[in-house]
Amino acid sequence: ISSFTYFIGQARIKGQRQIIQQRDEITWQNGLLKSVIESSDSLVFALDLELKFISYNSQCAHLLKQFASDKYEFREGDSVRPLFQIAHDTTFWEEKFAKTLEGHEFDFKYELKSDRSSIWYHFFLSPICHLDSIVGLICSGKDVTEDVLQKLASQKMSDALRQSEKRNNL
């Protein structure tokens with residue numbers, strides 16, 4: 001065989017090795033990221049520009065089942081929009097997600113209600129960027145129900161004390 005054919009063959013082999021190494025590296029990084037997200041006690045999900053699920057962790061899946069009941073079966077690639085109706089606040093979430101996709105970050109508390117329960121979450125929304133372009137958004141949420149209920153109870157006690165002091169001063 002000619003040296004040119006030999007050179008081309010060696011270049012192909014080297015190129016194939018590099019592709020395999022890159023694939024293995026991406027697979028390893030992807031597995032690592034999934035492990036980190038799954039080990040969190042926060043719910044985490046990512047949406048693309050069309051507000052379709054890119055990924056979500058088991059805590060998010062649990063919350064979806066709890067609040068969406070058995071009406072919806074969500075998978076990666078499905079739209080998040082049906083959840084807006086379940087949350088009974090379509091405009092709020094549409095606006096937050098739209099602003100996030102414009103580059104804004106948000107940090108807020110929100111009460112999720114269903115017929116069966118009510119849970120307070122502290123949400124963080126942030127755009128996902130790739131090569132200086134926004135390609136989606138990431139949302140994480142931590143259950144803060146206990147903290148919120150304690151603050152509400154404390155506020156009620158303070159209000160009751162003030163009312164009692166007003167009555168006693170009259």
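Aspartate 41 is exposed, its relative accessible area being 58%, where exposed stands for over 50%, buried for under 20% and partly exposed for values in between, computed with a 1.4 Å probe and the protein chains only. The structure is a predicted model, in which local features need pLDDT of at least 70 and side-chain atom pairs count only at pLDDT 80 or more, while totals for chains, interfaces and linings use all residues. Residues are numbered from 1 along each chain as its sequence is written, and side-chain values use heavy atoms, with hydrogens and water left out.

Salt bridges were assigned where a side-chain nitrogen of Lys or Arg lies within 4 Å of a carboxyl oxygen of Asp or Glu, and the count by this rule comes to four. Side chains of opposite charge can pair when their charged atoms come close. One of the four joins aspartate 41 to lysine 142, with 2.5 Å between the closest N and O atoms. Because aspartate 41 lies in the loop between H1 and strand E1 (43-48), and lysine 142 in strand E5 (residues 133-143), this pair ties together parts that are 101 residues apart in sequence. Lysine 142, with a relative accessibility of 34%, counts as partly exposed. Helices (H or I, at least four residues) and strands (E, at least two) are taken here as DSSP runs, numbered from the N terminus.

Another salt bridge brings together the side chains of glutamate 50 and lysine 52, at 3.4 Å from N to O, and in this pair lysine 52 is partly exposed at 31% relative accessibility. A further bridge is formed by the side chains of lysine 99 and glutamate 102, at an N to O distance of 4.0 Å; lysine 99 is partly exposed, at 40% relative accessible area, whereas glutamate 102 is exposed, at 54%.

Within H4, the buried residues are Trp93, Lys96, Phe97, Thr100 and Leu101. These residues cover an arc of only 130° around the axis and therefore lie on the same side of H4, the arc being that of the directions from the helix axis to the C-beta atoms. An α-helix has 3.6 residues a turn, so residues three or four places apart point the same way. After H4 comes glycine 103, which has a positive phi near 115°.

Aromatic pairs were defined by rings of Phe, Tyr and Trp (its six-membered ring) with centres within 6.5 Å, planes under 30 degrees apart being stacked, over 60 edge-to-face and the rest tilted. Searching the whole structure gives twelve such pairs. Among them, phenylalanine 92 and tyrosine 110 are stacked, with 4.9 Å from centre to centre and 20° between the planes. This pair links distant parts of the chain, since phenylalanine 92 belongs to helix H4 and tyrosine 110 to strand E3 (residues 106-113), 18 residues apart. Phenylalanine 92 counts as partly exposed at 22% relative accessibility, whereas tyrosine 110 is buried at 10%. The ring centres of tryptophan 93 and phenylalanine 97 are 5.6 Å apart and their planes meet at 50°, so that this pair is tilted. Tryptophan 93 and phenylalanine 97 are four residues apart in helix H4, a separation of about one helical turn, and both are buried. Ring pairs join Phe45, Phe53, Tyr56, Phe92, Trp93, Phe97, Phe108, Tyr110, Tyr121 and Phe123 into a cluster.
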